[in-house]
Amino acid sequence: MSHPTYKLTYFDVRGVAEAVRFVFAYAKIPFEDVRIPWSSPTDWPALKPKTPFRQLPYLEIDGEVYGQSAAFTRLVAKKYNLAGTTDEEQAHVDAIADYIKDIWNSIYKFWMEPDAEKKEKLRDEYFKTGLVEHLDVLESHLNGYGKGKFFVPSGVTWADFVVATFAFTLQKHFPATLEQREALKAHMERVNNLPGIKEWIAKRPQTQN
């Protein structure tokens, strides 16, 4: 069976593109992984006006360009049966992916703060209240609708990839945040040890984010 030609362009980070990389890895679909150096993105100013939404990442499928990571990750996931098996499951998958975006937006408020003192204050406030609620919600969906294994009953989907890549970055930068989150940690390990994904993690570039 022949597959489309995929070319992913992003900075040299996991970030919001790692979920679609997981889709390719799990489905054993080859793709071109174009990475722009994060520390000195000299190519980015010239490339930016040519991107669909003046931002990265974007995905080319047989030369057709798609922007917005959630949109093209969903598109590819549907092609390889990783988006839920019913309309209802797909709604749950989309909701979880959207919720992770909400969490990241909360984290960026302190992550991108240039003032060190204000950054620490915002981070501490978020960890005491906001993050606790966010992780509670994720665990409630995992243990409820997902029955404790993946986020929908039929099996693994791209929502699991979005959550697992988020949890990996959270644990990498703030290890204590997942210490008491056994369900989320087990879920992350379950996803990271799936065939194809385990091999991808072992060979992918080692980046901070």
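**Overall dimensions and secondary structure of the predicted chain**

The chain has a radius of gyration of 17 Å (taken over C-alpha atoms), which agrees with the value near 17 Å for a compact globule of 209 residues under the rule of 2.2 Å times the number of residues to the power 0.38. The model is predicted, with pLDDT of at least 70 needed for local features and 80 or more for side-chain atom pairs, while totals for chains, interfaces and linings use all residues. Residues are numbered from 1 along each chain as its sequence is written, and side-chain values use heavy atoms, without hydrogens and water.

The C-alpha trace spans about 45 × 45 × 30 Å along its principal axes. Of the 209 residues, 44% are buried (under 20% relative accessible area, 1.4 Å probe, protein chains only). Among contacts (heavy atoms within 4.5 Å) with a separation of 6 or more, 68% are between residues 24 or more positions apart.

The chain contains 8 helices and 4 strands, assigned as DSSP runs (helices H or I, at least four residues; strands E, at least two) and numbered from the N terminus. Their order along the sequence is β-α-β-α-β-β-α-α-α-α-α-α. Strand S3 (residues 58–61) pairs with strand S4 (residues 64–67) in the antiparallel sense over 4 bridges; pairing requires at least two DSSP bridges between the strands. Glu 60 has Val 65 in S4 as its bridge partner. The hairpin of S3 and S4 has 2 residues between the strands, and Asp 62 in this hairpin takes a positive phi near 50°.

Technical notes:
Buried < 20%, exposed > 50% of the residue type's maximum accessible area, 1.4 Å probe, protein only.
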